[in-house]
Amino acid sequence: MDEPLLNEHNKQEYPPMHTAEHILNQTMIRLHGCPRSRNAHIERKKGKCDYILPEPLTEEGAREIERAVNEVIARGLPVEISFTDREHLPGGIDTGKLPANASETLRVVRVGDYDACACLGAHVKNTSEIGTFRITSFDYRAPVLRLRFKLL
Ligand SMILES: [Zn+2]
């Protein structure tokens with residue numbers, strides 16, 4: 001079966017880092033109730049994501065995020081791709097990062113039962129391929145928290 005025609009994804013991402021970004025986004029939603037990062041910058045060895053938070057993150061808070069992301073990675077969750085059209089999008093799927101001209105058919109990426117979002121990027125097949133997630137630094141300039149991270 002041919003895959004439906006989708007808008008071209010214009011950046012090459014390193015799948016383990018990019019999949020970690022999905023998990024990090026969902027973890028920030030769960031722990032801090034903030035939206036997914038809108039301006040992630042992901043490279044092979046390091047990444048950074050900005051989040052809108054009402055208050056600064058503590059060192060302990062950073063370790064808590066790290067721990068939660070690593071727990072998800074350690075569960076060895078399958079990363080699954082499915083296609084759906086916009087009208088039939090299951091609830092809770094974020095489409096905010098898609099380009100304005102995104103096609104009617106959306107590619108939904110699920111990280112086990114932990115996260116689902118519409119994305120055209122490259123992902124690992126199982127979270128066990130990601131490695132260990134480390135927050136290397138963070139800074140807060142109200143209301144933006146910038147997290148920098150890497151994989152070990
Ligand atoms: Zn993705």
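Visitor: Which residues of H2 are buried?

Guide: In this predicted model, helix H2 covers residues 59-74. Buried means under 20% relative accessible area. The residues of H2 that count as buried are Gly61, Ala62, Ile65, Glu66, Ala68, Val69, Asn70, Val72 and Ile73.

Visitor: Against which elements do the buried residues of H2 pack?

Guide: The buried residues of H2 include Ile65 and Val69. Contact means heavy atoms within 4.5 Å. The packing partners of the buried residues of H2 are helix H1 (15-32) and strand S6 (133-141).

Visitor: How many Å does H2 reach from its first C-alpha to its last, and what is expected at 1.5 Å a residue?

Guide: Helix H2 has 16 residues. At 1.5 Å a residue, the expected reach is 22 Å. The reach in the model, from the first C-alpha of H2 to its last, is close to that expectation, at 22 Å.

Visitor: Is Glu71 buried or exposed?

Guide: Glu71 has its place in helix H2. Exposed means over 50% relative accessible area. Glu71 has a relative accessibility of 52%, so it counts as exposed.

Visitor: What separates the C-alpha atoms of Glu71 and Ala102?

Guide: Glu71 belongs to helix H2. Along the chain, Glu71 and Ala102 are 31 residues apart. The separation of their C-alpha atoms is 33 Å.

Visitor: Which residue with a positive phi follows H2?

Guide: Helix H2 comprises residues 59-74. The residue that follows H2 has a phi near 60°, and this residue is Gly76.

Visitor: How many of the 18 residues of H1 are buried?

Guide: The end C-alpha atoms of H1 are 25 Å apart, in agreement with the 26 Å that its 18 residues should span at 1.5 Å a residue. H1 is followed by Gly33, with a positive phi near 65°. H1 is largely enclosed by the rest of the structure, because the number of its residues that are buried is 13 of the 18.

Visitor: Why does Thr127 count as buried?

Guide: Thr127 lies in the loop between S5 and S6. Leaving out residues up to four places away in sequence, Thr127 touches Ile23, Val72, Ile73, Arg75, Gly76, Leu77, Val79 and Val111. Buried means under 20% relative accessible area. Thr127 therefore counts as buried, since its relative accessible area is 0%.

Visitor: With which residues is Val124 in contact, leaving aside its neighbours within four places in sequence?

Guide: Val124 is found in the loop between strand S5 (115-118) and S6. At 5% relative accessibility, Val124 is buried. The C-alpha atoms of Val124 and Pro78 are separated by 8.7 Å, although the two residues are 46 apart along the chain. The contacts of Val124 are Pro15, Pro16, Thr19, Val79, Glu129 and Ile130.

Visitor: What is the C-alpha to C-alpha distance of Leu151 and Ala20?

Guide: Leu151 is part of strand S7 and counts as buried, at 19% relative accessibility. Beyond residues up to four places away in sequence, Leu151 touches Pro16, Met17, Ala20, Ile130, Thr132 and Phe133. Leu151 and Ala20 are 131 residues apart in sequence, and their C-alpha to C-alpha distance is 8.6 Å.

Visitor: Is the peptide bond from Ala142 to Pro143 cis or trans?

Guide: Pro143 has its place in the loop between S6 and strand S7 (144-151). The peptide bond from Ala142 to Pro143 has omega near 0°, and its form is cis.

Visitor: What pattern does the protein chain follow along the sequence?

Guide: The protein chain has two helices and seven strands. Read along the sequence, these elements give the pattern α-β-β-α-β-β-β-β-β.

Visitor: What is the radius of gyration of the protein chain?

Guide: For 152 residues, the globule rule gives 15 Å. The protein chain is as compact as a globular protein of that length, because its radius of gyration is close to that value, at 15 Å.

Visitor: What percentage of the residues of the protein chain count as buried?

Guide: The C-alpha atoms fill a box of roughly 50 × 30 × 25 Å along the principal axes. Among contacts between residues at least 6 apart in sequence, 66% join residues at least 24 apart. Of the 152 residues of the protein chain, the buried share is 42%.

Notes. Residues are numbered from 1 along each chain as its sequence is written. This is a predicted model: local features need pLDDT of at least 70, side-chain atom pairs count only at pLDDT 80 or more; totals for chains, interfaces and linings use all residues. Side-chain values use heavy atoms; hydrogens and water are left out. Helices (H or I, at least four residues) and strands (E, at least two) are DSSP runs, numbered from the N terminus. The radius of gyration is taken over C-alpha atoms; the globule rule is 2.2 Å times the number of residues to the power 0.38. Buried means under 20% relative accessible area, exposed over 50%, partly exposed in between (1.4 Å probe, protein chains only). The expected span of a helix is 1.5 Å times one less than its number of residues.
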